[in-house]
Amino acid sequence: MAGKRKENEAGSSNDLRADVLRVLGVLKVATAAQIQRLSLPHLTYRHTTKPTPAKRKEAQTAFHRAAVNDLRRHGLALDGGRTRGGEETRLLTKDGPAAAAIDLDREIEEMGGMPKSAGRSGTSHPMTVNETVIALIRPKPNLARVVGEPTEAVAAARAAVAAPHGRLLLVARETGEVREVDRSDDGEVSGLAFSPDSAWLAWAHPGPRPLSQLRLAHTTDLSVTEATPLRFQDYAPAFTLDGKHLAFLSNRAFDPVYDEHVFDLAFVVGARPHLITLAATTPSPFGPQRHGRPFETPDKDETPDSEGTPATRIDLEGLADRIVPFPVEAGRYSTLRAAKDGVLWLHHPVEGVLGAARAHPEDPDPHTDLERYDLAQRRLEHLASAADHFEVSGDGKRVLLWSEGRLRVVPSDRRTGSEDDGDTSVTVDLARIRQTVDPAAEWRQMYDETGRLMRDHFWRADLGGVDWTGVLDRYRPVLGRLATHSDLVDLLWEVHGELGTSHAYVTPRGGSGGARHGLLGADISRHEDGSWRIDRILPAETSDPDARSPLAAPGVAVRPGDAIIAVAGHPVDPVTGPGPLLVGTAGHPVELTVSPAGGGEPRHTVVVPIADEEPLRYHAWVADRRAHVHAASAGRLGYLHVPDMQAPGWAQIHRDLRVEVAREGLVVDVRENRGGHTSQLVVEKLARRIIGWDLARGMRPTSYPLDAPRGPVVAVANEFSGSDGDIVNAAIKALGIGPVVGTRTWGGVIGIDSRYHLVDGTLVTQPKYAIWLEGVGWDVENHGVDPDVEVVQRPQDWASGTDAQLDAAIRLALEALEEQPAKTPPGLPA
């Protein structure tokens, strides 16, 4: 190979480079989403020689067969295609720069010519292509998607594949024989791992969500054993390199933490690395040893490598009794991997979903740490901060680390600095990667892949009776007419639309960049005298860092009626107003010159404009609705708005829950609800019923249970209450919590997991999670939830500022209170 011509130039730097390439060769970047996180859509290498057609065909056949064989061994695929210049093979050699050419004929000749055929599968005897190829290659689409978001483990003679719909397959490399090892009725298996001698396969087998257990299969007779009981969430198994232990992660730490806002307990952290001693006579590495431990441990660089592949002996009897935890604190862990003399994992920080607890909203996310537990020295070591992902080399000595936008190769047994030292750590120069894309060909592939994904993951195997192949064939001619990526997105929307099902989205990759427009959090209008005056300043919501009001900040002292006459020293145009002068100022201090409404000298003040007024205006809208309910009911009714069934909505409920639920009745507004997955938590709160009171001397009585409505509950919905916003209304009706007022809801309740991205990052979703609800069955999809009392918000209501739906809910709640008064605490006993 090309590397043979460099033997005389070998040195320490070349050795390090070879190590880099070996690590790269085992990195499993098997999905488009993963590869885009590395900014590597694919690698391109184009041969520039012009061999004869016969010679080209011969070279292609040999090279592709050998490459595909070797790359499959690493869970990857070779991606070939045609360009105007001829054949294109997407790969990268280790001995030439990224822009250099590779002579395919010479490479094939140095690899030993044409490989021999090996059976009807069309595969060939393996060749060491992976020594020449840096295997960071976009996966062959239909191969990747056949196995879902492919989970593969690869041994010398066989590969294990986690296929869709819970199937675990074992594929023989030489013959292509496929055998089913196990099957799950609770989702896809994950975490496939072979023992060092390839005699055993371990994986995480799902149970009822979120439970999963570890299972073991002997790769010869395919006998399956439960390694851990189905009680917890056990995941990410890995055999230690000596074959003596099976390490894994498990959520089995139960140490609840009291909630700071409501009476509740939560298991904030629950995971910890664990280990199973596979042979009954193998002692725990954390316990006492019969012969004690050496006084001094050899230097890591001097630790000898064990010769040959260690045999893995497993005593199946009593396996679950030999589970021991690593002596580390419980936390949030992922990506456990075995390395030389130890085990590595990612340790994630505990953080809020919204980031509202940070010192400043714009602060970066807290870092994930790469940690190593040294089994020889029984010591936890911190290897790297800001670790996004990592993989371990085949010999366990090096780690390929993706951190803060850089791809680095570092030792697996020690911490290195952030800079390269030219010896133990090196940064992979991603700038050398070049890519060539044929948009039309890529769009054809994306179209076909979208069709396969929907076929394989739609919630019904028959796709609701739709002839899906016919649909794809009918729209396929349009591909030849596409001119832009937006055209493709429109086409995919049309194809998805043939299913008549909600949540079938197509979302192109992208986002806004550059400077953001500055907003002042106020209503500003042009007055007759040509001045631009402040009509209303939106109040800040101090419990939401995103709802900051620039003009209400301390020291600004601007009032409604004041005129903004200059921004950053530039006079405000009487026609366009201050808007153009605020471009790019979001998050940055800017000086306003303000003329007071009552007259007097203009004054100068400094404000920090915001980029988005939606949180500010939302909280003002809720406060206006709450004030209206309080006024219209003389303070008897409380008001809660639920904007979505996600973390923001859960936070919003609890901002005012304790005060509002203590009133005699409650109006729950779920209009404009954007959906999510927390409806059952919301319903659990609303369904509480008071059965007692806690009384203490000198204190106001409190209900038992806490946060339970004292009287009637009325829900308000409209056509924009969707997804989980549909479900919450159906649940309120099914449980008899109260009537629903308004209009029929959106009608889309077949959920998604947003798992799959196409090769260019475009998100395509497959409606996968259907729901049946008491009283309405399957009929919420494409219909919605009918209100008990229909009230349509008419255009004239909007124009006059009248909330007819809310007024109807207030009326119903007050009428219910007349029939059944709210619960009150009893008097003291005699």
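Which residues make a nonpolar surface patch of about 390 Å²? The patch is made by Y258, F263 and L265. Patches here are built from residues with over 30% relative accessible area and no salt bridge, like charges being joined within 9 Å and nonpolar side chains (Val, Leu, Ile, Met, Phe, Trp, Tyr) within 5 Å. A salt bridge, for its part, is a side-chain nitrogen of Lys or Arg within 4 Å of a carboxyl oxygen of Asp or Glu. Y258 sits in strand 13 (residues 257–258) and counts as exposed, at 58% relative accessibility. For that label, exposed means over 50% relative accessible area, buried under 20%, and partly exposed in between, with a 1.4 Å probe and protein chains only.

A word on the model itself. It is a predicted one, in which local features need pLDDT of at least 70 and side-chain atom pairs count only at pLDDT 80 or more, while totals for chains, interfaces and linings use all residues. Residues are numbered from 1 along each chain as its sequence is written, and side-chain values use heavy atoms, with hydrogens and water left out.

Now for the overall picture. Of its 830 residues, 46% are buried. Its accessible surface comes to about 41,200 Å², with 52% belonging to carbon and sulfur atoms; areas come from the Shrake-Rupley method with a 1.4 Å probe, and for residues only the protein chains shown count as cover. Among contacts (heavy atoms within 4.5 Å) between residues at least 6 apart in sequence, 63% join residues at least 24 apart.

The largest nonpolar core holds 32 residues, and L216, F239, L246, I276, F326, L336 and W345 touch the most other members. Strand 8, strand 9 (212–218), strand 11 (233–239), strand 12 (245–251), strand 15 (271–277), strand 17 (332–339) and strand 18 each supply at least two residues of this core. Such a core is a set of buried Ala, Val, Leu, Ile, Met, Phe, Trp, Tyr and Cys residues joined through side-chain atoms within 4.5 Å. Leaving aside residues up to four places away in sequence, L336 touches A236, A238, A247, F248, L249, P273, V343, L344 and W345. A second, separate core has 25 residues, including W468, V471, L472 and L488.

Strand 17 also contains T335, a residue other than glycine with a positive phi, near 55°. T335 counts as buried, at 16% relative accessibility. A557 likewise has a positive phi near 55°, but lies in the loop between strand 27 (532–537) and strand 28 (563–567) and counts as partly exposed at 37%.

Some loops deserve a look too. S195, in the loop between strand 7 (190–194) and strand 8 (200–206), is buried, with a relative accessible area of 3%. Not counting residues up to four places away in sequence, S195 touches W200, F239 and T312. The loop between strand 8 and strand 9 holds P210, and the peptide bond from R209 to P210 is cis, with omega near 5°. Another cis peptide bond joins Y704 and P705, with omega about 0°; P705 lies in the loop between strand 35 (702–704) and strand 36 (713–717). H360 belongs to the loop between strand 18 (342–348) and strand 19 and is partly exposed, with a relative accessible area of 44%. The C-alpha atoms of H360 and P545 are separated by 8.0 Å, although the two residues are 185 apart along the chain.

Finally, strand pairing. Strands of a sheet pair through backbone hydrogen bonds, either parallel or antiparallel. Two strands are taken as paired if DSSP finds at least two bridges between them. Strand 19 (residues 369–374) and strand 20 (residues 379–384) pair in the antiparallel sense over 5 bridges, with A384 of strand 20 as the bridge partner of L370. This hairpin has 4 residues between the strands, and R378 takes a positive phi near 50° there.

An open, antiparallel sheet is formed by 4 strands in the order 21-22-23-24. Strand 21 (387–392) and strand 24 (426–427) stand at the edges with a single partner strand each, so one side of each has no neighbour in the sheet. Strand 24 is joined to strand 23 (residues 406–411) by 2 bridges, running antiparallel, and T427 in strand 24 is the bridge partner of R408.
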